[in-house]
Amino acid sequence: MKPSDKQNRKNSLLERTTALLRKSGLRARKNLGQHFLVDEEILGLILSTAELTVKDIVVEIGPGLGVLTEELCRRAGRVITVEIDDRLAVNLNRRLSEYHNLTVINRDILKIPPPELFAEAGIVSSAFKVVANLPYYITSPVLRYFLEAELRSEMMVVMVQKEVAEEIAAQPGKKSLLSLGIQLYGQSEIVKHVPAECFYPEPAVDSAIVKIVPYKVSPVDIPDTEKFFTFVRAGFSAARKQLVNSFSNGLGVSKSNVQELLDNAGILGSRRAETLSLEEWAHLWRIYEEGKRS
Ligand code: SAM
C-alpha cells in the first residue's frame, strides 16, 4: 500500500469519528479512557486476529462510538458490549439499532458478575471471545475479571498500553506480578505495536494489540491462587533485591529460614524475583506450603 493510501484510510476513520462526535454532541472523556481508534488498518488487524465467525459470541468492553462494535456485529453471531458512559450507550443503541445480534449493557464492567453478562443478553453462558480496545485505567482488573472467571473465554484480543503489553508477554528475566498472573491462565503474544496517533484524541502513551489464549488446563497446578499470589507478591516486595532479602522482608521471616526454603527448592538466593519462571514459582510455593504443614 502506498503511504498516501494509508494516510487516506486513517483520515477517513478520523473524519467519521469526529463527525460521529459532532452529530451526537459528545466529547471524549479522558477520565474514562476515551481514546477512539481511528486507524482502519489496526481495526482490520484486531478483527482478523480474533478470527470471527457467525458461531462466535463476542464480549466487548467499552464500545465508545461503536466503530469496532459495528464490525463485530457484521462478523460474529452475537455481540455483548458493556459501556459505562450513559451518553455513549444511548447513542450506540440508536446508531446500531439495525443489528439484532447486539446487546448494549450500560454499566461498569467491573461491577457485573461474569454470568450476568450472558443473562442480560438472554444467552445461556457458553464459549465466547473478548475483543476490545480497553480503557487503560482498568486494564489489569479487566484482564483478571475474564481470566479468573469460572467460564473462560476462548480468546482475548485486546488493545492495551504498550508497556503493559510488554509486561504481559515478558520472558523470565523481566517477569512481573502481572505477567505471571496472565501466564498462569493463558498464552499471550504481542500482535502489533500501535502508535498514539492511531487514536483520537491521542493518548500520552503508545499501545499494542495483545492476543491471549486461555489454557484449558493450566501448565502448573495451583490449588489456591490467592495464597499463591500472596506468596509471589512477597517475593516481589523488593523486586530488584536478591530473593533471600525480598522474601525475608515480604514474608517477615529470618534470612536463614528463607535461605533454607530456597535451598530445598534448589533456587539460588542471589537470584531476583523477575528472573523466576512460572514453573519455578509454583515449585517454590509448593515447598513453602509443605514446610508450613510439617
Ligand atoms: N471501542 C472504542 C474504540 O475503539 O474507539 C472506544 C475505546 S476507549 C479506549 C474505551 C471505552 O471504554 C470508552 O468508551 C469508555 O467510556 C469505556 N469505559 C471506560 N471505563 C469503563 C468501565 N468501567 N466499564 C465499561 N466501559 C468503560
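User: How far is an oxygen atom of the ligand from a polar backbone atom of Leu37?

Analyst: The separation is 2.9 Å, where a polar contact is a pair of N or O atoms within 3.5 Å. Please note that this is a predicted model, in which local features need pLDDT of at least 70, side-chain atom pairs count only at pLDDT 80 or more, and totals for chains, interfaces and linings use all residues. Residues are numbered from 1 along each chain as its sequence is written, and side-chain values use heavy atoms, without hydrogens and water.

User: Which polar side-chain atoms lie by a ligand oxygen?

Analyst: One belongs to Glu83, at 2.6 Å from an oxygen atom of the ligand. Another belongs to Asn133, at 2.8 Å from a ligand oxygen.

User: And how many residues surround the ligand?

Analyst: There are 22, each with a heavy atom within 4 Å of the ligand. Gln34, Gly62, Glu83, Asn133 and Tyr137 are the closest.

User: Turning to helices, at what angle do α9 and α12 cross?

Analyst: The axes of α9 (residues 225–235) and α12 (residues 278–293) cross at roughly 105 degrees and come within 10 Å. The axes are lines fitted to C-alpha atoms over the stretch in contact, with angles running from 0 to 180 degrees between N-to-C directions. Helices are DSSP runs (H or I, at least four residues), numbered from the N terminus. α9 is therefore roughly perpendicular to α12, a term covering 65 to 115 degrees.

User: Which residues of α9 meet α12?

Analyst: They are Lys227, Phe228, Phe231, Val232 and Gly235, with contact meaning heavy atoms within 4.5 Å.

Conventions: Polar contact = N/O pair within 3.5 Å; in protein donor to acceptor, adjacent residues only side chain to side chain. Helix = DSSP H or I, 4+ residues; strand = E, 2+ residues; numbered from the N terminus. Parallel < 35°, antiparallel > 145°, perpendicular 65-115°, else oblique.
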